Amino acid sequence: MLRAELEKIFESNNLDAVISEAPQTRLWYAGVQTTDGYLIIEKEKAYIFVDGRYIEYVTKNAKNVDVRLLEKDSLAQFLSKKNYKVVGVEQDYLTLGVFGTIKKILPDAKYIELKAKQFRIKKDEEEVTKIQEACNISLQALEEVKKLLRVGITEEEVANKLGYLMRLFGAEKESFESIVAFGTNAAEPHHHPTNRKLADGDIVKIDFGAQFAGFASDITRTFFFGKPKSPELVKVLDIVTAAQKAGREAVKPGISTKEIDKICRDYIEKAGYGKFFTHSTGHGVGIDVHELPNVNAVSDVVLEEGMIITVEPGIYIEGSGGARIEDTILVTKDGSKVLSRPEDYK
């Protein structure tokens with residue numbers, strides 16, 4: 001857990017505290033996974049409140065916090081003794097119900113909306129190791145799933161087998177619902193698996209990821225099953241593969257995320273398929289599968305060491321099919337490491 005971004009936010013907003021009810025922030029700051037609880041972060045100290053279901057687990061495992069039992073009015077009594085005048089709350093996670101609870105306890109405080117995902121835009125070595133393992137598990141499962149492909153197997157069957165194998169190899173769960181698309185269904189960027197059966201010559205697009213110790217991976221692979229039926233889709237896959245390679249090899253400190261987007265988009269545009277690239281080029285990855293920084297045409301974020309992003313250009317042609325290649329990439333001191341290609345940095 002790196003506090004540098006959080007400290008900048010404290011300073012720029014003159015905060016007395018951040019009050020969070022988000023499981024993601026508890027995991028990031030305190031290193032524990034609980035479905036309920038409150039985290040109160042001050043400039044020099046932090047407190048975690050959990051109920052009786054989690055108190056033993058959190059007492060044994062939490063880092064960077066004082067642990068308190070959440071019962072009756074314990075949170076209200078704690079906060080009422082504080083003199084917080086400016087409180088940060090997380091706009092990307094906070095519900096109206098939770099905000100109402102906090103505001104009732106501290107009615108006179110000024111509330112500043114914060115992006116919690118900004119806190120963890122850069123990862124430490126422990127977090128990188130967990131994301132790397134999530135990638136390793138994902139890739140191991142994919143290789144086993146490829147061996148199971150046969151004419152007549154359905155998208156749903158492949159998605160279910162992939163999820164099972166990721167768990168078998170050490171994942172807590174899938175980091176998101178796997179996208180498995182055969183043939184013309186690959187034209188949908190976020191296709192939901194159906195009972196569509198695999199046929200010889202189909203293009204196969206699989207977007208998937210594992211969650212390990214609370215951290216996600218996000219990978220997409222596109223390939224043909226048997227001899228390709230469509231010469232155009234062969235061309236499309238070649239273009240996407242080359243565009244993605246150019247984008248991921250450009251990842252390094254000092255380059256903006258919109259430059260990464262432009263590299264991929266320009267390549268596809270020059271190949272004549274620009275109108276078929278219909279989404280952004282990527283996003284951050286961490287505890288959430290979609291984090292900061294965004295990798296798109298309007299993002300001004302400049303990459304720094306410790307950021308992890310995806311690079312995932314695609315081409316989608318309705319009625320024909322489509323292709324996307326995606327990798328999870330760490331920005332290193334001097335360049336990058338492609339976590340989803342552990343055999344090679346590039």
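Two strands are said to pair when DSSP finds at least two bridges between them. Helices (H or I, at least four residues) and strands (E, at least two) are DSSP runs, numbered from the N terminus. The structure is a predicted model, in which local features need pLDDT of at least 70 and side-chain atom pairs count only at pLDDT 80 or more, while totals for chains, interfaces and linings use all residues. Residues are numbered from 1 along each chain as its sequence is written, and side-chain values use heavy atoms, with hydrogens and water left out.

The domain assignment of the chain gives domain 1 (3-120) and domain 2 (125-344); such bounds come from an automatic or database domain assignment. The UniProt record, in an unreviewed entry, carries the annotation "domain: Creatinase N-terminal" over residues 5-115. It also places "domain: Peptidase M24", again from an unreviewed entry, at residues 130-333. UniProt positions are given in the numbering used here, feature names are shortened, and annotations may be inferred rather than shown by experiment. The span 5-115 is 37% helix and 25% strand, and its end C-alpha atoms lie 11 Å apart. For residues 130-333 the end C-alpha atoms lie 19 Å apart, and the span is 32% helix and 24% strand.

The description begins with helix α1. Helix α1 covers residues 4-13, and within it Glu 5 and Lys 8 are three residues apart, which means that about one helical turn separates them. Their side chains meet in a salt bridge (3.2 Å, N to O), a term that denotes a side-chain nitrogen of Lys or Arg within 4 Å of a carboxyl oxygen of Asp or Glu. In the loop between α1 and β1 lies Asn 14, a residue that has a positive phi of about 55° although it is not a glycine. Most residues other than glycine have a negative phi, and most peptide bonds are trans.

Axes here are lines fitted to C-alpha atoms, for helices over the stretch in contact, and angles run from 0 to 180 degrees between N-to-C directions. Within the sheet, strand β2 (residues 38-42) and strand β3 (residues 46-50) run antiparallel and are joined by four bridges; Tyr 38 stands opposite Phe 49 in β3. Contact means heavy atoms within 4.5 Å.

Another open sheet has three strands in the order β8-β9-β12, and its pairing is antiparallel. Because β8 (179-182) and β12 (219-224) stand at the edges with a single partner strand each, one side of each is left without a neighbour in the sheet. Four bridges pair β8 with strand β9 (residues 203-208) in the antiparallel sense, and Val 180 stands opposite Ile 206 in β9. Helix α8 (residues 155-168) lies across β8 and β9, running at about 145° to β8. Helix α9 (residues 231-249) packs on the sheet and touches β9 and β12; its direction makes about 145° with that of β12.

The two domains also meet at an interface. The centres of domain 1 and domain 2, taken over C-alpha atoms, are separated by 34 Å, and ten residues of domain 1 are in contact with eleven residues of domain 2. The area buried between them is about 850 Å², of which carbon and sulfur atoms give 46%. In domain 1, Leu 27, Lys 117 and Arg 120 lose the most area to domain 2, together 49% of what that side buries. Buried area is the accessible area (1.4 Å probe) that two parts lose on being put together, summed over both.

The structure holds 28 salt bridges, and the rule finds three across the interface of domain 1 and domain 2. Arg 120 forms a salt bridge with Glu 291, the closest N and O atoms being 2.7 Å apart. Strand β14 (residues 291-295) contains Pro 293, and the peptide bond from Leu 292 to Pro 293 is cis, with omega near 5°.
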